[in-house]
Amino acid sequence: MPIHDAYARRTPFEITLPTPDFAGERFPAVLEEADTQGFPGHLTDPSAFALLGEVGAILREIRDADDPPGLIDQYGLLLFQAFGFWRAGHPLYLVSEAAARDAVTKVEPGLDRLPASGTVYLQLPQHLFWVGAEPETPPESLDGFFITWNGGLLTVLAVAGVRPDRAGLSTLPIPSVPVEDLTSMATETMREEGSDFSSTMPGGDLDGLYGVESAGELLKLVARLLPRLLDASDAEVETAPRGSAPEGSNLPFRRISGS
């Protein structure tokens, strides 16, 4: 199966919001309301963020009328990450295939250099990592991770199922964890049989694909990618070509290259 990592693809941030100008038009009001109420947790805690009136209005606007009620929590988590991504200036990082494969096999030191706070979107090579490869769950390609950390706590939202023939996407919420736990997670074995990231898809091993079966594996991958992100923070800023397939992102990005 071809694996695409030539440029950053259209991101969940761009797919979820109704128009390219939506964030700039609506998110300042969210920030103003949070500042007026004077509770810092509104911008750092997803549950508190969802209680803001402006956030509620946006959620009613972006969700489909026929969506099941249970999806509102997933929309809220996605909007929380999208807001943080906008507020941080859209820090988009494309993980090259070489860097992704290196992260699967090797731990890179440097998590102690993580700034006190931040928000990024890490986009993985297309079709390299897969989730839901069980008989009752069709597998979906893992697009990447929204990652936010603040006050010693790290919140991750994995995104999968980004396809040109599909209007939406799938989100995989992961329980928040202390940033200090990432170092041990990078080396911890998450599967009982000890085969983290191995694929159970037919032909997956032959194609060199990876499978991710749990929140623990997702966090392990994040823990192994973050030091590589820090090393790429001064990398050259790139832009995706227009009229490309898959459709390129309109956001500038930096590339995380392999060693």
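Among contacts in the protein (heavy atoms within 4.5 Å) between residues at least 6 apart in sequence, 67% join residues at least 24 apart. This is a predicted model, in which local features need pLDDT of at least 70 and side-chain atom pairs count only at pLDDT 80 or more, while totals for chains, interfaces and linings use all residues. Residues are numbered from 1 along each chain as its sequence is written, and side-chain values use heavy atoms, with hydrogens and water left out.

**Overall form**

- The protein has nine helices and nine strands, where helices (H or I, at least four residues) and strands (E, at least two) are DSSP runs numbered from the N terminus.
- The radius of gyration, taken over C-alpha atoms, is 18 Å, close to the 18 Å that the globule rule (2.2 Å times the number of residues to the power 0.38) gives for 259 residues, so the protein is as compact as a globular protein of that length.
- Taken along the principal axes, the box that the C-alpha atoms fill is roughly 55 × 40 × 40 Å.

**Surface and charge**

- Of the 259 residues, 50% count as buried, which is to say under 20% relative accessible area, whereas exposed is over 50% and partly exposed lies in between (1.4 Å probe, protein chains only).
- The accessible surface, from the Shrake-Rupley method with a 1.4 Å probe, comes to about 12,200 Å², and 53% of this belongs to carbon and sulfur atoms.
- There are 18 positive and 38 negative side chains, and the centres of the two sets lie 4 Å apart; Lys and Arg count as positive and Asp and Glu as negative, while His and the chain ends are not counted, and the place of a charge is taken as NZ of Lys, CZ of Arg, CG of Asp or CD of Glu.

**One side of a helix**

- In helix α4 (residues 53–62), the buried residues are Val55, Gly56, Ile58, Leu59 and Ile62.
- Because these residues cover an arc of only 165 degrees around the axis, they are on the same side of α4; the arc is that of the directions from the helix axis to the C-beta atoms.

**Backbone details in loops**

- Phe197, in the loop between α7 (182–185) and α8 (204–207), has a phi near 70 degrees, a positive value in a residue other than glycine, and counts as buried at 3% relative accessibility.
- His127, in the loop between β2 (118–123) and β3 (129–131), also has a positive phi, near 70 degrees, but is partly exposed, with a relative accessible area of 23%.
- The peptide bond from Ala245 to Pro246 is cis, with omega near 0 degrees, and Pro246 is found in the loop between β8 (237–238) and β9 (253–256).
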